[in-house]
Amino acid sequence: QVQLAESGGGWVQPGGSLRLSCAASGRTFSPWRMGWFRQKSGNEREYVASITWIGGSRYYADFVKGRFTISKDNANKMLYLEMHNLQPEDTAVYYCGERPTIEINEFHFWGQGTQVIVST
């Protein structure tokens, strides 16, 4: 069983920055891809960014390009999301997700998320 623990959220003013972390633990961890998603109050979870675990190809939702950077540390089983120029519309609970294999066309979420609040 994989466990994912998100951290690094908090309150920030518009234009500010945060770095989110996701620590993986449990069984041998070697997913095909890891991703960040977010869920705004009253909305469904939406895709933010993802990265292939081997190779490191990065993909982003259009609304975060140029502001967010996804990265990873395979040796320590860590996933990161560097966020800059945050805006109130970025306020959400952020989750990391695991897509175990290329054949499984969905991400699995094992953590509680980390809250990001952007306001004056």
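Which residues form one aromatic cluster? Select Phe37, Tyr47, Tyr95, Phe107 and Phe109, which together make up that cluster. This is a predicted model, in which local features need pLDDT of at least 70 and side-chain atom pairs count only at pLDDT 80 or more, while totals for chains, interfaces and linings use all residues. Residues are numbered from 1 along each chain as its sequence is written, and side-chain values use heavy atoms, with hydrogens and water left out.

**The aromatic pairs**

Rings of Phe, Tyr and Trp (its six-membered ring) pair if their centres lie within 6.5 Å; planes under 30 degrees apart are stacked, those over 60 are edge-to-face, and the rest are tilted. The count by this rule is five aromatic pairs. Begin with Phe37 and Tyr47, an edge-to-face pair at 5.6 Å centre to centre with 75 degrees between the planes. Phe37 belongs to strand S4 (residues 33-39) and Tyr47 to strand S5, so this pair ties together parts ten residues apart in sequence. Strands (E, at least two residues) are DSSP runs, numbered from the N terminus.

Phe37 is buried at 9% relative accessibility, whereas Tyr47, at 28%, is partly exposed. Here buried means under 20% relative accessible area, exposed over 50%, and partly exposed in between (1.4 Å probe, protein chains only).

Phe107 is buried, with a relative accessible area of 17%.

**Ser50**

Move to Ser50 in strand S5 (residues 46-52). Ser50 is buried, at 0% relative accessibility. Its side chain makes a polar contact with the side chain of Tyr47 at 2.8 Å; such a contact is a pair of N or O atoms within 3.5 Å, and within protein one must be able to donate a hydrogen and the other to accept it, with residues adjacent in sequence counting only if both atoms are side-chain atoms. Beyond its neighbours within four places in sequence, Ser50 is in contact (heavy atoms within 4.5 Å) with residues including Arg33, Ile70 and Phe107.

**Charges over rings**

Finally, select Arg45, whose charged end sits over the ring of Tyr95, 4.6 Å from its centre. The criterion is NZ of Lys or CZ of Arg within 6 Å of the ring centre and within 35 degrees of the ring normal.

Methods:
Helices (H or I, at least four residues) and strands (E, at least two) are DSSP runs, numbered from the N terminus.
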